[in-house]
Amino acid sequence: MQICKIGPDKLHEALELVWEVFEKYEVPDYEEMGIQTFRHFISYHNMVEKINQGEMRFWGSYLNNYLVGVMALREGQHISLLFVRDKFHHLGIAGNLVRIAVNQIELEQPEIRAVTVNSSPYAVGFYEKMGFRALGPEKKADGIRFTSMRLEF
């Protein structure tokens with residue numbers, strides 16, 4: 001397994017993976033407005049703009065040059081996207097990507113000492129196992145259901 005940064009040249013592939021996994025695991029929990037909000041958020045144009053502005057950075061987890069997982073870190077300390085292809089769940093890929101986020105924060109912003117995420121209903125259990133704590137009850141904004149969570153280190 002190899003983890004590396006994803007630039008605009010490989011972003012289409014990464015966003016296709018994100019949509020594929022979202023469609024399978026998240027869509028059943030969302031109303032149409034939330035699905036459309038998410039689809040717009042992960043549009044190539046929107047994400048390239050965020051990368052070019054330095055607001056968002058992507059990493060991919062590859063197995064024999066096949067992209068199996070994607071993570072995006074926003075504003076240096078917030079996990080904005082974390083998706084792993086279904087055939088590769090429970091193999092530690094998402095955990096490794098979270099550790100990359102923690103390492104980047106420790107390296108670049110040692111004063112921060114935490115990473116945050118707005119977890120989908122499907123992923124709350126995973127984040128809890130990683131040591132994240134909910135900051136309050138589930139919320140909904142623009143049709144997107146999420147639980148704000150934080151991991152201190």
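This is a predicted model: local features need pLDDT of at least 70, side-chain atom pairs count only at pLDDT 80 or more; totals for chains, interfaces and linings use all residues.
Colleague: Which residue in S8 is the bridge partner of Val-115?

Modeller: Leu-151 is the partner of Val-115 there.

Colleague: And how does S5 pair with strand S4?

Modeller: S4 (residues 78-84) pairs with S5 in the parallel sense, over 2 bridges. Ile-79 stands opposite Val-117 of S5. Between S4 and S5 the chain passes through helix H4 (residues 93-108), a β-α-β crossover that is right-handed.

Colleague: How many residues of S5 are buried?

Modeller: 5 of 6; S5 covers residues 114-119 and is mostly covered.

Colleague: Switching to the helices. Where do H1 and H2 sit relative to each other, parallel or antiparallel?

Modeller: Their axes cross at roughly 170° and come within 11 Å. Angles over 145 degrees count as roughly antiparallel, so H1 and H2 are roughly antiparallel to each other. H1 is residues 11-25 and H2 is residues 32-41.

Colleague: Which residues make the contact?

Modeller: H1 contributes Val-18, Trp-19 and Phe-22, and H2 contributes Ile-35, Phe-38 and Arg-39. That splits into 5 nonpolar, 1 charged and no polar.

Colleague: Last one, Val-124. Buried or exposed?

Modeller: Val-124 has a relative accessible area of 17%. The cut-off for buried is under 20%, so Val-124 counts as buried. Val-124 lies in helix H5 (residues 124-129).

Colleague: What is Val-124 in contact with, leaving aside neighbours within four places in sequence?

Modeller: Ser-119, Thr-147 and Met-149. As for Ile-144, its C-alpha is 14 Å from that of Val-124, at 20 residues apart in sequence.

Terms used
Residues are numbered from 1 along each chain as its sequence is written. Side-chain values use heavy atoms; hydrogens and water are left out. Axes are lines fitted to C-alpha atoms, for helices over the stretch in contact, and angles run from 0 to 180 degrees between N-to-C directions. Helices (H or I, at least four residues) and strands (E, at least two) are DSSP runs, numbered from the N terminus. Angles under 35 degrees count as roughly parallel, over 145 as roughly antiparallel, 65 to 115 as roughly perpendicular and the rest as oblique. Contact means heavy atoms within 4.5 Å. Ala, Val, Leu, Ile, Met, Phe, Trp, Tyr, Cys and Pro count as nonpolar, Asp, Glu, Lys and Arg as charged, and the others, Gly among them, as polar. Buried means under 20% relative accessible area, exposed over 50%, partly exposed in between (1.4 Å probe, protein chains only). Two strands pair if DSSP finds at least two bridges between them. A crossover is right-handed if, with the strands pointing away from the viewer, the path from the first strand over the helix to the second runs clockwise.
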